[in-house]
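Biologist: Walk me through this model, and tell me what each term rests on.
Modeller: Here it is. Ask away.

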Amino acid sequence: MATTATETHAAMAPRPFRVARRERETADTWTLELEPVQGDPLQVAPGQFTMLYAFGVGEVPISVSGEPGGPLVHTVRAVGAVTEAICAAGEETILGVRGPMGNAWPLGTGGDVVVVAGGIGLAPLRGVVYDLVRRRDAFGEAALLYGGRTPADLLYRDELERWREPLQVDVTVDAAEPGWEGKVGFVAKLVGSARFDPAAATAFVCGPEIMMRTSAEALLERGVPAERIFVSMERNMQCGVGLCGHCQLGPTLICRDGPVYRWDEVERLMAVREL
Amino acid sequence: METIDALLREVPVFRGLEPAQLELIAGCGSNVHFDQGAVLFREGDAADIFYLVRHGTVALETYVPARGPAMIETLQPGEVVGWSWLFPPYRWHFDARALTDLRATAFDGACLRGKADADPRLGYDLMSRFAQVLIERLQWTRLRLLDLYGHDGD
């Protein structure tokens, strides 16, 4: 679809948003709720992202992590100069927002659902989980399989406990700490023991690429068709609107065509080292 | 209660074995129960048994001086606990503890080794299946060693 110069200009200009609330998730990860300084709130869908701008520092793509139809919420991990500045932004701080950008997870209308998240990859899937909980009767089995680095690195710990009643929640860590009485092991291993009917299941997977690949392989081994496994890709997104090409993955631009893809669309591309 | 034969047919490690082989293996098994927190075996002890988890979770641990027990991995229903019974010197390399109330099937290692010695086809099948368990555990461990959830930078 052709984009006019005016539309492009509008897409490249950040809107000022105020930090309305902030909550510490882990030692290096914060969840921020943002509200527009002026105008209507953003309409965002789980899976989409915005370009979040710490003025004077820089801009990064961050997935939305709030409730569908709710305020703009981002969970940000401080891993560099920009994300450190965003995580340090106190209430009332003004941040720039471009977007929302990209496509959304294809929220289902029934059947079984398996959500597999690794590390900060739970943030882009949090909206899917909210939707599952809110429309629980619309689905059959619903499983959230979540793996973190250590127990201290797990996100949304209070919500994980609350989600255990409506959903199968299985949490594992790569490395335990003293006192941890939960599971230890790689998250993809949880796929083998989750309750769901592979023939009726849709899977949503987000995390580091190797984690997504091994999780997809485990789902395929259980019998989930490749076209019903969805992953969220991450590359060096800069313009966010398909102009600069930094996020190109073979024939696709992740900011424009993704970040959510069917597994059979990206499996081959993910295996190409040069990409 | 499900018979041991029926259990063996369902678990990945024994799936596809012939009924006669399953019967031989089942003959070395008995159902057991452990309360939460019970120790199944300790590092350095003689490894003359292995377990198939039916319900519950088992933690593999090692004791780190000045730190205490460190949990290395957890094992779930359908998984095997212990392969040291199959390889000399038949000693456990880790502790195993029931993280929850645990129901399992315990298999007598000496009994199985005897049947494997008498029936090399069974021995080969057992060895190749436990090798597969070892490979899978190694692959999962390698992935954890990558520290995939560490920092990548902006």
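Biologist: What makes S215(A) a contact partner of other residues, and which ones does S215(A) touch, not counting residues up to four places away in sequence?
Modeller: Two residues are in contact if their C-beta atoms, placed from the backbone, lie within 7 Å. By that test S215(A) touches V116(A), V187(A), A188(A), V191(A) and V205(A), leaving out residues up to four places away in sequence. Take V191(A): 24 residues separate V191(A) from S215(A) in sequence, and the C-alpha to C-alpha distance is 7.3 Å. This is a predicted model, in which local features need pLDDT of at least 70, side-chain atom pairs count only at pLDDT 80 or more, and totals for chains, interfaces and linings use all residues. Residues are numbered from 1 along each chain as its sequence is written, while chains are lettered from A and ligands numbered from 1 in the order in which they are written.

Biologist: Why does S215(A) count as buried?
Modeller: A residue is buried if 20 or more other C-beta atoms lie within 10 Å of its own, exposed if 12 or fewer, and partly exposed in between; C-beta atoms are placed from the backbone. S215(A) has 30 C-beta neighbours inside 10 Å, so S215(A) counts as buried. S215(A) sits in helix α5 (residues 209-222) of chain A. Helices (H or I, at least four residues) and strands (E, at least two) are DSSP runs, numbered from the N terminus.

Biologist: Why is chain A called as compact as a globular protein of that length?
Modeller: First, the inventory: chain A has seven helices and 15 strands. The radius of gyration of chain A is 18 Å, close to the 19 Å from the globule rule for 275 residues, so chain A is as compact as a globular protein of that length. The radius is taken over C-alpha atoms, and the rule is 2.2 Å times the number of residues to the power 0.38. Buried residues are 47% of the 275 in chain A.

Biologist: How do you know that α3(A) is mostly covered?
Modeller: Ten of the 13 residues in α3(A) are buried. Among them are L122(A), R126(A) and D131(A). Helix α3 (residues 122-134) of chain A reaches 18 Å from first C-alpha to last, close to the 18 Å expected at 1.5 Å a residue. The expected span is 1.5 Å times one less than the number of residues.

Biologist: What makes β3(A) and β4(A) a pair?
Modeller: Two strands pair if DSSP finds at least two bridges between them. Strand β3 (residues 49-54) of chain A and β4(A) have six bridges, in the antiparallel sense. T50(A) stands opposite I62(A) in β4(A). Three residues lie between the strands of this hairpin, where G56(A) takes a positive phi near 85°. Strand β4 (residues 58-63) of chain A is mostly covered, with five of its six residues buried.

Biologist: Why is one side of β1 and of β6 in chain B left without a neighbour in the sheet?
Modeller: The open sheet runs β1-β8-β3-β6 (chain B), with antiparallel pairing. β1 (29-34) and β6 (80-81) of chain B stand at the edges, each with a single partner strand, so one side of each has no neighbour in the sheet. β1(B) pairs with strand β8 (residues 102-108) of chain B over six antiparallel bridges. There, H33(B) has R103(B) in β8(B) as its bridge partner.

Biologist: How many residues of chain B are in contact with chain A?
Modeller: 23 residues of chain B contact 26 residues of chain A. β5(B) gives the largest share of chain B's side, six residues.
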